[in-house]
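Please look at the structure before reading on.

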Amino acid sequence: MSETCFWIMANEDRYENPDLLAKLALTFGSKKLAKKEEEELEEKKSIKKRIKELKVLDPKIAQNLSIFLGSFRIPYQEIKRMVLEVDEEKLTEPMIQNLVKHLPEQEQLNALVRFKNEYPSLSEPEQFGVVMSGVKRLRPRLNAILFKLQFEEQVNNIRPDIMAVNAACEEIRKSKSFSKLLELVLLMGNYMNSGSRNAQSYGFDLSSLCKLKDTKSSDQKKTLLHFLAEVSEERFPDVLKFVDDWQHVDKASRVSAENLEKNLKQMERQLLQLEKDLETFPPTEDMHDKFVTKLSSFSKQAREQYQKLVIMHNNMSTFYQNLVEFYVIDSKKTSAEELFTDMSNFRSMFMQAVKENVKRREAEEKQRRVKIAKEKAEREKLERQQKKKQRLLEMNTESDETGVMDSLLEALQSGAAFRDRRKRAPRPKDARHSLSPVSQRPVLKSCNHENLKAPLERSRSRQNINFSSTRAPVAKELNYESEPHSSTARSRAAGKREAHIGPSALEKETEPAGCTPKEDNDVEALLARLRAL
């Protein structure tokens, strides 16, 4: 600490106070144990587990061996008997593995023989060592027994892997559907690479099959792998069969040729060691020792099994070599595991592409149906609108015709068709006396025809149609009955008007104008239309 630090300058003694320290001791001081508790504590401290002193074994080895013996809890003599008789029913692989792992060295076992007479005073690990020291060549014996227990499992692990690789080599090489697929891929690749340095290639590396998914279409909706699956499904359905042909490719992709070779070499070393141990194993006088008898027969069977595995492995190498030569694969750059992994991945990707194509087609079909339904709904809506407009036009036409008919009938009924609403020009004074009732008749009659062209009022009431149609003939009959006497009535009325109104009013009357031919034609046309209705 430097001279300027806090702890050098601190002075805690200035806060010292007897009362403060007493209170602190009272509050946080540990309480004294009762007399009984003190006695029990002393008794516990005095009781210690008796540990026997080790004579030969290393403490760590003794501890591990003690743990092993405590886990199985089998008498030491029973363990010795099982080892001598090679009792496979009671000897288990974990038991032999742990025993080999924790077993003391042979020198230590030989040293423990000297303490055979002091057996009760020895620790449990050393007692076990004394018992097992009576077994000749214990470690080689245990290794041989362990090999015997593991041999069947090793064979069952190696044989299926070799068979899977052999079968996969044959499936890939002899699959006609896969050959067609490669030809199809080569065709598409050469077409797409036309004009480049890779155009018109004679072949390609099989590992390139997994790269088909990396080439996307112009619309980014599908890949070259999807296109290949679609073309194969639509035009070349036989190509799809390669998926079923490759039954062992996936399993072969999980096989390591390196591990296979390593396991076979290890099996060979163990067999050679066993055969050597059996040849050099000393004769024994113990009746329970059956090691040589049982392990000799096992050695012969194991050698036969191993030879078969070696033959299968050689055949596997031959099949793989034929495969790489058939498809021109560089075996130095591509191992069997890598090749089968690529083939398995391509098989999975191709199957996935087929499924995705099916989903895409279903989605497109669904969209097409939705579009057709939408167009149909719009078309039906347009047709309904057109029909509605047509009905409105028909109703308007019918209403117009009905209105014309109603107006004509009402004009005839009310007499408005016979009234001249135009103002007459004043007549000359000299023409007043020249007009006679006989000469006025045709003029009035012509004007009555002209007045038929009265303004028409539209009416949509169908009651007016019925009502007018029933009363129209009556009005017509009254009109025709009044025609024979019209001349006399007109002359009398004129005389009365002249006497009542006087000469000044007569001067204001105009000379009646006759109806034009155009107006006559319009009236006749309206009457014809009325008759037609």
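How many aromatic pairs does a search of the whole structure find? The search finds 15 aromatic pairs; the model is a predicted one. Two of the pairs involve Phe 298 and are set out below.

| Aromatic pair | Geometry | Centre to centre | Angle between the planes |
|---|---|---|---|
| Phe 147 and Phe 298 | edge-to-face | 5.6 Å | 70° |
| Phe 151 and Phe 298 | edge-to-face | 5.6 Å | 90° |

Phe 147 is in helix α9 and Phe 298 in helix α15 (residues 291-326), 151 residues apart, so this pair links distant parts of the chain. Because Phe 151 also lies in α9, its pair with Phe 298 ties together parts that are 147 residues apart in sequence. Phe 147 has a relative accessibility of 3% and counts as buried; Phe 298, at 8%, is buried too, as is Phe 151.

Elsewhere, Phe 178, Phe 242, Trp 246, Phe 326, Tyr 327, Phe 346 and Phe 350 make up one aromatic cluster. Over the face of Phe 326 lies Arg 173, at 4.9 Å from the ring centre.

Helix α9 (residues 138-174) also packs with helix α6 (residues 93-102), at an angle of about 145° and with the axes 10 Å apart. Their crossing is left-handed. Residues that meet here include Ile 96 and Leu 99 of α6 and Leu 142 and Leu 146 of α9. The contact has seven nonpolar, three polar and three charged residues.

Leu 69, in helix α4 (residues 59-72), is buried at a relative accessible area of 9%, because buried means under 20%. Beyond neighbours within four places in sequence, Leu 69 contacts Tyr 76, Ile 79, Glu 124, Pro 125 and Phe 128.

Notes: Residues are numbered from 1 along each chain as its sequence is written. This is a predicted model: local features need pLDDT of at least 70, side-chain atom pairs count only at pLDDT 80 or more; totals for chains, interfaces and linings use all residues. Side-chain values use heavy atoms; hydrogens and water are left out. Helices (H or I, at least four residues) and strands (E, at least two) are DSSP runs, numbered from the N terminus. Buried means under 20% relative accessible area, exposed over 50%, partly exposed in between (1.4 Å probe, protein chains only). Contact means heavy atoms within 4.5 Å. Axes are lines fitted to C-alpha atoms, for helices over the stretch in contact, and angles run from 0 to 180 degrees between N-to-C directions. A crossing is left-handed if the near helix is turned anticlockwise from the far one by less than a right angle, and right-handed if clockwise. Ala, Val, Leu, Ile, Met, Phe, Trp, Tyr, Cys and Pro count as nonpolar, Asp, Glu, Lys and Arg as charged, and the others, Gly among them, as polar. Rings of Phe, Tyr and Trp (its six-membered ring) pair if their centres lie within 6.5 Å; planes under 30 degrees apart count as stacked, over 60 as edge-to-face and the rest as tilted. A charge sits over a ring if NZ of Lys or CZ of Arg is within 6 Å of the ring centre and within 35 degrees of the ring normal.
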